[in-house]
Amino acid sequence: MTDSNPFSSEPWLDAQRKFWDAWMDMTRQASTAATKDQAVDNPWADGLDQWWKAVSPMTSGTAPLLQDFFDKLVGMGKSYFSMAEHVSATPGGGEQTAGDMVSDWLDRVREACNAWGTSLSAQQDPHMRDFMSFWNMPMDTWQRTASSFSPMPGDFLKALHPEGADAMAGDMRMHLDRFLSMPGVGYSRESQEQYQQLARMVLDYQKAMQDYAIALSKVGVKSTDRFQEKLNESASSDEPVTSLREFYNIWVDACEEVYGEYAMSGEYSEMYGEMVNALMQVKRHSSLLVDEMLESMNMPTHREINTLHQRLHEMRRGYRALREEIDQLRDETERPAASPVASKKAAPVKKRTPAKKRTTKKAAAQPASPKKRTTKKTTARKATTRK
Amino acid sequence: MIPIQIRPDQALEELTNFSQKLGHGLQNLMEVGDIPAGVTPKEPVYHEDKMVLYRFQPDTKKVQNRIPLLIVYALVNRPYMTDLQENRSTVRGLLEAGLDVYLIDWGYPDRADRYLDLDDYINGYINRCVNVICRRHDIDAVNILGICQGGTFSLCYTAMHPEKVSNLVTMVTPVDFHTPDNMLSIWARNIDIDLLVDTLGNIPGELLNWTFLMLKPYQLAGQKYMNMVDLLDNPAQLKNFMRMEKWIFDSPDQAGEAYRQFIKDFYQANKLIKGDVQIGDKTVDLGNIKMPVLNVYAMQDHLVPPSASQALKQHVGTDDYTELSFPGGHIGIYVSGKAQKQVPPAIGAWLDERS
């Protein structure tokens, strides 16, 4: 049957099957042990990437939500494929049992997590690249979020790697701090000091983000132990893992459990707070600098617009209060002198038994008795607007 | 026993199937078209700034409870979650239960709304919406259904204006913000909220999205999409998923001053249960809530833990307090099939008994 789907993945699937068959033959024979360097990095994940690059231009007319959604699907697919490749056949050749393969894979995850924790871009092991995007998710999401309200792109600190993040630790950071703390001199000293302050704030933010990444990498390492425990539980309960998806789901459960425990800790809360606060310092100081620039060009500044918004808001509040007072006075003056109070009790309704619930009757207190208004008004008036 | 027993040919088949679904899914995704949400007919009856008060078309075949129900939704996310699609609509369920349903849509605040605070929202917008409904129906008080943060707002409103509320229903509503299982509260404690609001003005919806995703990052940003691949060949299920996806990421920015007060007073200082919340010139005393209260919460709620909601019982002044627990999550309580069958009819019956 011909596949009429223009996004069909059949051609690369065929290629992957051939690769897989050849690869399986090679590992079975184990005649010549392939080294890590000789092996193709992530053939299925790379294949998926190639397919997506080929077909994604055809989706350019679709809503951003759909494109973003499919990007996420493909991203997760790559991570999944990468994991599957490693678990099903770890490079290294020889007669490996499934347990060996998993152990080997977990070792490499641990290594990648440790490497990731010591730098912000952790791409050292190309075999783990696609899979580690799974562990990168929180930082990646944060960087994209931060870029939406930051003057710098979310991943701007990656440009400093490795001279940036790694070198920041220890003496280098101290020297930079001292350099940036030098007093300004001359006519432009204030401006110089402001930019020095911004640079210090950027460094603080970088450090906070790195601390957060390191903490997450430790969680990653711990997750591998939890995962191993879960696998052992499966073995001891005679319920082996029989599919890649099941394997993946256990991995996600392990990660989520360990992360959930850590995220409830005071340490995480402090680290998270420091990262957000540090970014806000950068953003706030940048806004001040931008405002000064705008002011020098005789243009309205952010500060001025804020002041206008605040004053306008206060005026509107005052206006509303007056309006309500006038309405109240009008109600009182228009009220007939001896108008009988209309009965406003709700019409009886058919009683129904509620679903499962628990009712607590407290002592003496009475429900509040609503105060009756004395003006009679018609029902279901048309839409009203108050600006 | 060997814990992993995945045969290579089986693994290959799994990967192949996954890829095929992805390929076919892209085509279905291209054909998914518009993703409408908010399905029940409604009319705007009052609007002010960006806020709109809607009245849903009542189900005239039902015996009507003559006290209308005002739904107060959270500022976070959009209220169409309560009326997501034909077979997942809390609003529809409430109409079928014989209720006359109004809903406040807060809209999307922009920078000009930065100085809106909780006084504006609660003693301002909500109060004026209640006045409009009372005038339309010639009544003195309405029934209120407050959802999530809107539930907290409803508690504050009811405590400050008890004469205007006949019965109060709260749904997945945080009351005690310092229960030990409240992850959001733990995270909020070390954020410098003044710095955040002074810097950003309004709080971007993206920041809230990030926060909610980080509650369960590997499930919500990863596994969910893996599971979705299995549904890609089903256009109806795909559309349902995309509708939910649209809602999840449809996060309005938060008016800065309201956010500042909400996080500082509620999440950080837990003032609601201490009776220390000051809104405008009024103090919020939950003991003033003496009308009947129905407190609905979800047993597996990861955003508002059940314990945070259950605390209400100890702090309200009513002698008619009812709890309704639902076995589901924060979102499932509006959209799951089971919730549709249980929750709106239970609310309708509870209100009927007290009207």
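Predicted model: local features only at pLDDT ≥ 70, side-chain atom pairs only at ≥ 80, totals over all residues.
1. Residues are numbered from 1 along each chain as its sequence is written, chains are lettered from A and ligands numbered from 1 in written order, and side-chain values use heavy atoms, without hydrogens and water.

2. Helix H11 (residues 302-334) of chain A and helix H3 (residues 118-137) of chain B have axes that come within 13 Å and cross at roughly 45 degrees. H11(A) and H3(B) are therefore oblique to each other.

3. On the H11(A) side the contact (heavy atoms within 4.5 Å) is made by A:His313, A:Arg317, A:Arg320 and A:Glu324, and on the H3(B) side by B:Asp120, B:Tyr125 and B:Arg128. These residues divide into five charged, one polar and one nonpolar, where Asp, Glu, Lys and Arg count as charged, Ala, Val, Leu, Ile, Met, Phe, Trp, Tyr, Cys and Pro as nonpolar, and the others, Gly among them, as polar.

4. Helix H6 (residues 193-200) of chain B is mostly covered, with six of its eight residues buried (under 20% relative accessible area, 1.4 Å probe, protein chains only). The buried residues are B:Ile193, B:Leu195, B:Leu196, B:Val197, B:Thr199 and B:Leu200, and their cover includes helix H10 (266-296) of chain A together with helices H7 (205-213) and H10 (256-268) of chain B.

5. At the start of H6(B), a side-chain oxygen of B:Asp192 comes to within 3.3 Å of the backbone nitrogen of B:Asp194, whereas just after H6(B) the residue B:Gly201 takes a positive phi of about 75 degrees.

Definitions and conventions:
Axes fitted to C-alpha atoms, helices over the stretch in contact; angles between N-to-C directions. Helix = DSSP H or I, 4+ residues; strand = E, 2+ residues; numbered from the N terminus. Parallel < 35°, antiparallel > 145°, perpendicular 65-115°, else oblique. Buried < 20%, exposed > 50% of the residue type's maximum accessible area, 1.4 Å probe, protein only. Polar contact = N/O pair within 3.5 Å; in protein donor to acceptor, adjacent residues only side chain to side chain.
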